[in-house]
Amino acid sequence: MNTRILMVLALLVSIGAVLHTVAPPMLFGVKPDMLLAMMFLGIVLFPKVNYVLILSFVTGFISALTTAAPGGQIANIIDKPITALIFLSLFLLLKNNVRTTIVAPILTAVGTIISGTIFLSVTLFLIGLMEGGFFALFASIVLPATIINTVIMIIIYPIIRTILKRSGNVSLT
């Protein structure tokens, strides 16, 4: 593993943790997960399974530490690795056929919806509110988070990619 790549991933997780911490809660203490956008950015920049696994576990634990959602700690730890592997699979399927600047925001939206679905399912199962609560929480938390994360990816991905290319210290795949 390349130490420089791990440093970049740690920086992305740190930025995501700050964004996740300062994001205002929307409903029942649940915040839109902007840490997820940074995880997706790390996957797009370095799409290798070993980096994705490390990134997803760290993101899951940091997200679990900063969540205020009831049952969110366990849900984040379960949700992030599953979402990261699905995102990586979709990205590897599409990256050679479509420009990455187009694929990244689209997959960020899809990945946020997948993550939100897994997170809400686990959380609602743990606290026992499966009937009817899912759709209300999905509409009020997951959909706005999807929009926020997609906009973040549209803005930040080209900037980060250009910076990393110009620095020459980290090889992008």
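Buried means under 20% relative accessible area, exposed means over 50%, and partly exposed lies in between (1.4 Å probe, protein chains only). This is a predicted model, in which local features need pLDDT of at least 70, side-chain atom pairs count only at pLDDT 80 or more, and totals for chains, interfaces and linings use all residues. Residues are numbered from 1 along each chain as its sequence is written, and side-chain values use heavy atoms, with hydrogens and water left out.

**View 1. The whole chain.** The chain has six helices and zero strands. Helices (H or I, at least four residues) and strands (E, at least two) are DSSP runs, numbered from the N terminus. The order of elements from the N terminus is α-α-α-α-α-α. The radius of gyration is 15 Å, close to the 16 Å of the globule rule for 173 residues, so the chain is as compact as a globular protein of that length. That radius is taken over C-alpha atoms, and the rule is 2.2 Å times the number of residues to the power 0.38. Of the 173 residues, 46% are buried.

View 2. A pair of aromatic rings is described by the distance of the centres and the angle of the planes. Rings of Phe, Tyr and Trp (its six-membered ring) pair if their centres lie within 6.5 Å; planes under 30 degrees apart count as stacked, over 60 as edge-to-face and the rest as tilted. By this rule there are four aromatic pairs. One of them joins Phe134 and Phe135 edge-to-face, at 5.4 Å centre to centre and 90° between the planes. Phe134 is buried, at 15% relative accessible area. Phe135 is exposed, at 64%. Phe134, Phe135 and Phe138 form one aromatic cluster.

**View 3. Thr123 in helix α5.** Thr123 sits in helix α5 (residues 100-127). Thr123 is buried, with 6% relative accessibility. Leaving out residues up to four places away in sequence, Thr123 touches Pro70, Gly71, Gly72 and Ala75. Contact means heavy atoms within 4.5 Å.

**View 4. A nonpolar patch on the surface.** Ile74, Ile78, Ile82, Ile86, Phe125, Leu126 and Ile127 form this patch, with about 610 Å² of accessible area together. Patch residues have over 30% relative accessible area and no salt bridge; like charges are joined within 9 Å, nonpolar side chains (Val, Leu, Ile, Met, Phe, Trp, Tyr) within 5 Å. A salt bridge is a side-chain nitrogen of Lys or Arg within 4 Å of a carboxyl oxygen of Asp or Glu. Areas come from the Shrake-Rupley method with a 1.4 Å probe; for residues, only the protein chains shown count as cover. Helices α4 (72-94) and α5 each give two or more residues to the patch. α4 gives the most, with four residues. Leu126, in helix α5, is partly exposed at 42%.
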